[in-house]
Amino acid sequence: LSFSHRAPYLPYKAELRAPQTYLLYTVIRQPRGKEVLSGLLRQVTHGRTQWDEILSVLISETMAEVQKLPDEVEIPRYQWENLMSIIINLSRLLSLLSNVLVKTGYRRARDEVMWIMLQIAGTFQPHLQKEQVEEMARLYNLLFSDDVVWTGASDHPSQLVRFLAAACMWNILDGSEGLPPPSECLATQIEFVRSNTGPPDEAMQAVLDNAFRHESPISRSVHAMFQQRLDGQPTDEPHILPYGRAANNKLDAFDMQFLDALTLRAKINLLISTCFVSLHKVDRLPSPACVETCARILTSIEFDYGLTNFIAILNRSITAALSPAPSDGLNHKDQCYMLLDLLCYRYIVSLIYSHYL
């Protein structure tokens, strides 16, 4: 990262045109550092940024801090969430990280590292090259060279999805060139994930949604359960909002612990394939559960992933609201007002920190 300076006006020293690696490191390790950095990157004039090197250092530093914690203390996840938000490419990150972990020997936060790898596999799977798949497998074998103790339970989704992150990653990458056969322990976990064909509890719903692509039968089955939780049955009595407006009768939104147990890919799929579908129905207003779930997802992911589709739905709703009202059925103005309320009063807090402002 270096900045252009016009010599005729400001006689800066040559050092100021050198790559600003420490500045980049300092910025991206802060909350919403990626958004802050977007303005700086527009001033880059030449050379490449040391993005992969810095990310590998940040991951190893975070693992070092976790290594110091007492065994009974749960791993803080704030910095891990921040790290996931700033991974934008994989050109050298995987090999650099493997080399760092060979030297450091940090292992306690290995489930968190595999959670990041699962995020990468889910997001970039169609574009992963053979060498990158091999590096992801190498990283797992490096971190899990010893016996694995089963952790996680149905009442702790975030812990269970991290324990099974490697199994979910292997399942998503199944058939990819460069993916080696899993170890015996990992094969047992993969079989556990694939064999859950009955009605899963909430934690296993998150695991299955993370482990299977959205076009698979298992993923469609899970999302049918999600739709049921947000909409109920068509025969259910409506929930009556003020002034007699009828909405789907579901009040309990997905809690943040469950949403945080979903990968970015699964979370976006829930937003687009379930929440947005409910928001755009024409027979009733969406349930309070759907609106609140939508707000929680939108404010927890980057704007590029959620805002575009939300604005498209809002534009269609505004167009419908300006059309003549139907003699029966949903008043489109009510739906439009609800979406605008969601945008202005739930989304605006996050917009303050966005480069869209």
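Because the model is predicted, local features need a pLDDT of at least 70 and side-chain atom pairs count only at pLDDT 80 or more, while totals for chains, interfaces and linings use all residues. Residues are numbered from 1 along each chain as its sequence is written, and side-chain values use heavy atoms, with hydrogens and water left out.

The protein chain holds 18 helices and 2 strands; here helices (H or I, at least four residues) and strands (E, at least two) are DSSP runs, numbered from the N terminus. Of its 357 residues, 45% count as buried, where buried means under 20% relative accessible area, exposed over 50%, and partly exposed in between (1.4 Å probe, protein chains only). The chain exposes about 18,000 Å², with carbon and sulfur atoms supplying 56% of that area. Accessible areas come from the Shrake-Rupley method with a 1.4 Å probe, and for residues only the protein chains shown count as cover. Among contacts (heavy atoms within 4.5 Å) between residues at least 6 apart in sequence, 73% join residues at least 24 apart.

Confidence is given as pLDDT, the predictor's confidence in each residue from 0 to 100. Its mean over the protein chain is 81, and 81% of the residues reach 70 or more. Helix α9 (residues 165-172) has the highest confidence, at a mean of 94, and helix α18 (residues 348-351) the lowest, at 55. Over residues 353-357 the pLDDT is below 50, and this stretch has 11 contacts in the model beyond near neighbours in sequence.

Turning to individual helices, α15 (residues 288-298) is mostly covered, with 8 of its 11 residues buried. Among them are Cys290, Cys294 and Leu298. In helix α17 sits aspartate 334, which is buried because its relative accessible area is 13%. Neighbours within four places in sequence aside, aspartate 334 is in contact with Arg245 and Leu285.

The surface also carries a nonpolar patch, formed by Ile318, Leu322, Tyr337 and Leu340, with about 410 Å² of accessible area together. Helices α16 (303-322) and α17 (332-345) are the elements that give two or more residues to this patch. Patches are made of residues with over 30% relative accessible area and no salt bridge; like charges are joined within 9 Å, and nonpolar side chains (Val, Leu, Ile, Met, Phe, Trp, Tyr) within 5 Å. A salt bridge is a side-chain nitrogen of Lys or Arg within 4 Å of a carboxyl oxygen of Asp or Glu. Isoleucine 318, in helix α16, counts as partly exposed because its relative accessible area is 32%.
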